[in-house]
Amino acid sequence: MNNYELIMILNPVISEEEVRATTGKYRDMMTAAGGSIVNEEAWGMRQLAYPIQKKTTGIYHLLEFTGPGEIVDQMEIQFKRDDVIIRQMITRLDKFAVEYNEKRRKGEIGKKKQAFVADMTAAAAENKEA
Amino acid sequence: MAANNKNIRFLTAPKIGRRDKKFCRFKKYGIRYIDYKDPDFLMRFLNEQGKLLPRRITGNSLKYQRKVGQAVKRARQIGLLPYVTDLMK
């Protein structure tokens, strides 16, 4: 059993129902293949950093799951057939990533980041002085 | 004007010679995973064209520089960061 994270970008022109249908489809695929879902996040419409298939926006959806490695192969075949998905990526998570994602869900990451940002800006100001 | 130049005074004494030692912020703050889903954070390690900054400048240790690189490449793949750009910051 491994931990994975799937992030997919859906075509921005589809309706909300279609979004639900596609994400539901992959969720079912995971559970059917012996995996289980850890976390799901719908980021919604987002600006892409560069155009993909001539589209400048996309609907982002994140799925974190655990399961055997065969799921990934099965899903990758499906992704190729699916024309609603314009880009997707599955990454395997190591133990630090799992820990990080848990903290992120609890909202503990932001706090640390704020401290970090403060530190960075102080460092930048110092650099400017020097 | 020439007379003024001789009398320049600094609010704080200018740093000459000794430079602060760079450090790896991931080691210092105990960050062990670099998230590719956070483009704002990764932006710190890129220059204005969206290219990865060298360790020489960021001070990252080799281990974490590799991880930063990996995260940036992943972020680019899923359209969170651009491959090439101008005036990103």
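Which residues in helix 5 of chain B are buried? They are B:Val68, B:Ala71, B:Val72 and B:Ala75. The model is predicted.

**Helix 5 of chain B**
- An α-helix has 3.6 residues a turn, so residues three or four places apart point the same way.
- The buried residues B:Val68, B:Ala71, B:Val72 and B:Ala75 cover an arc of only 100° around the axis, so they sit on the same side of helix 5 of chain B.
- That buried set packs against helix 3 of chain B.
- The face turned away from the buried side carries the exposed residues B:Leu62 and B:Lys63.
- With 16 residues at 1.5 Å a residue, helix 5 of chain B should span 22 Å; its end C-alpha atoms are 23 Å apart, which agrees.
- B:Gly79 follows helix 5 of chain B and has a positive phi, near 70°.
- Beyond its neighbours within four places in sequence, B:Ala75 is in contact with B:Tyr36, B:Pro39, B:Leu42, B:Leu80 and B:Leu81.

**Nonpolar core**
- The largest nonpolar core has 27 residues. A:Ile9, B:Leu42, B:Ala71, B:Val72 and B:Ala75 have the most contacts inside it.

**Interface**
- 16 residues of chain A are in contact with 14 residues of chain B.
- On the chain A side, strand 2 supplies the largest share, four residues.
- The residues of that side divide into 13 nonpolar, two polar and one charged.

Note on methods. Residues numbered from 1 in each chain as written. Chains lettered and ligands numbered in written order. Predicted model: local features only at pLDDT ≥ 70, side-chain atom pairs only at ≥ 80, totals over all residues. Core = buried A, V, L, I, M, F, W, Y, C linked by C-beta atoms within 7 Å. Buried ≥ 20, exposed ≤ 12 C-beta atoms within 10 Å, placed from the backbone. Contact = placed C-beta atoms within 7 Å. Helix = DSSP H or I, 4+ residues; strand = E, 2+ residues; numbered from the N terminus. Nonpolar A, V, L, I, M, F, W, Y, C, P; charged D, E, K, R; others polar. Expected span 1.5 Å × (residues − 1). Arc of directions from axis to C-beta.
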